[in-house]
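Reader: Got a model open here and want to talk through its contacts. Can you walk me through it?

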Amino acid sequence: MGFFKRFSSKVDLQKAAAEQAATVPAPEPAEVLPPPDIFDGENAVVCHVRSSWEWVLEEVRKDMTNLEVVEKEADLPTGLLAAANGNESASTTPVSRRGRRKKIPGPCSLRLEVKNSSGDIIEAVHGTSEAFDGLEDKDELFRTMQRCRCENLELSPPSRLINWDVTKEECMNLVGESLPSLLGNKNKEKVAVLKEPMGSSGTGVFFVSNAHEIHEIIEEHRKRAQNEPDFLDNLIAAKGRIPSWVLQAEIVPCLLIRGRRKFHIRTYVACIERIDHDEILQTYVYNRHEIRVAGESVPLDETDSRDRMAHITNGAHSNRTERDLLDKEPELENRKLQEKIELFVAQIFDQHLVNDIVRRVSMSIADDATARKFVLGGLDLMVTDDNRLYLLEVNVNPAAPGRDSVNEDFHKHLCGLMGDLMALVAGRSSSNFVPCGKILARKP
């Protein structure tokens, strides 16, 4: 009986304690304070950008009294600190955790550092991530898509690689009787686009209709390269290879606007490294998309020849090329391209290419890093008349257009883009950069 009395007493005590606890109000949850704003006026924000973005940053500076712009990377706080310690960062090639010698960082869109009132560096983040290194050169983009088994998904136009020193016979065998083309291209006379692997601004883009034309162009460039002293050696030193030409299907039938004018879409993707997290990358899509419209209309009676001013949309061949915003174009208003673009890009970077990108970042991690890293990519997309999107190119750390070449709305857009990028990489809220995971979670 003694056991049962003791057990009963214990139960009564537990019951009384529970009743007493129920009458005592629960303590209020502790207030969760937001993280400190490193852009606070007491801190100094120091930035370095590639030269084409300098005018944009100067505009942003008008609204940020604590923003300082430096002309040289060495004048950033981390650069000055390294020089004071006798450790010039550019003097040696850094080594990753896996012993892999890393490339010396080249020009990037933005380097941002913050000092507090005591002069201590409290944040440093540079656009030098290698996350997109397998995407920038056109031949590498093709190989990355192959490696990630994306060919059958038709995320990019069907393409073939051609060696820089291909012989005429090899070219004839590779190209054969049929050029790469989209399934929807019903033209009897097909035209393809031959691209130099590192061309930009429309240079190195050729419209071709047969293997003979292709070989003539490549052979001319081969002779020029071999005649230029040290050109090939320097190319191998910089790239580790001699890049290949890309023969790509023409986007036909493509969507035309403004009186049969061709256009492409430019959208931006930012990838931020998070080395101390389980997921070492966070990728965002910028939700303010641009359009770049060719300077001339595509002729109704076009044959297999191509007017470059009607087919090159980036402004290199016509002063009538226009830059505008997607949501400002009335002819595109009812096509719901905004949602399609963001889903298309999020699927590419957060589903199809993510493992390859993570591998590159993992191999590039350096234990002695003085700054967090991110990368900005400018994606060029083209859309068919049935709203099918294709990825043409990825421009890593893209340049900005000249101040005088854009209208007032586009001027504000570029300043907004730079301000949003600065906020994003510094850890502040930026509603215009949308996480890929959030886009993929949207209900259809």
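Predicted model: local features only at pLDDT ≥ 70, side-chain atom pairs only at ≥ 80, totals over all residues.

Reader: Where is Cys-108 found?
Author: Cys-108 sits in the loop between α3 (77-84) and β3 (111-115). Helices (H or I, at least four residues) and strands (E, at least two) are DSSP runs, numbered from the N terminus.

Reader: Which residues does Cys-108 touch?
Author: Val-49, Arg-50, Gly-127, Thr-128 and Asn-397, not counting residues up to four places away in sequence. Contact means heavy atoms within 4.5 Å.

Reader: And how far apart are Cys-108 and Ser-129?
Author: They are 9.5 Å apart in space, C-alpha to C-alpha, and 21 residues apart in sequence.

Reader: Switching to charges. How many salt bridges?
Author: The count comes to 28 salt bridges. The rule is a side-chain nitrogen of Lys or Arg within 4 Å of a carboxyl oxygen of Asp or Glu.

Reader: Which residues are linked with Arg-143 in a network?
Author: Asp-137, Asp-139, Glu-140 and Arg-241 are linked with Arg-143 by salt bridges. Arg-143 meets Asp-139 at 2.9 Å, N to O. With Glu-140, the closest N and O atoms are 3.2 Å apart.

Reader: What about Arg-258 and Glu-322?
Author: Their side chains form a salt bridge, 2.5 Å from N to O. That pair links distant parts of the chain, 64 residues apart: Arg-258 is in the loop between β9 (256-257) and β10 (261-273), and Glu-322 is in strand β13 (residues 322-325). Glu-322 is partly exposed at 31% relative accessible area.

Reader: New topic. Which residues touch the most other members in the largest nonpolar core?
Author: Phe-132, Phe-263, Val-345, Phe-349 and Leu-391, out of 42 residues. Helix α9 (residues 337-352) gives the largest share of this core, 7 residues. A nonpolar core is a set of buried Ala, Val, Leu, Ile, Met, Phe, Trp, Tyr and Cys residues joined through side-chain atoms within 4.5 Å.

Reader: What does Phe-132 touch?
Author: Its contacts include Val-269, Cys-271, Phe-349 and Ile-357, not counting residues up to four places away in sequence. A second, separate core has 36 residues, among them Val-125 and Phe-410.

Reader: Last one. At what angle do α5 and α6 cross?
Author: Roughly 135°, with the axes of α5 (residues 168-175) and α6 (residues 211-227) coming within 9 Å. Axes are lines fitted to C-alpha atoms, for helices over the stretch in contact, and angles run from 0 to 180 degrees between N-to-C directions.

Reader: Which residues make the contact?
Author: Lys-168, Cys-171, Met-172 and Val-175 of α5, with Ala-211, His-212, Ile-214 and His-215 of α6.

Conventions
Residues numbered from 1 in each chain as written. Heavy atoms only, no water. Buried < 20%, exposed > 50% of the residue type's maximum accessible area, 1.4 Å probe, protein only.
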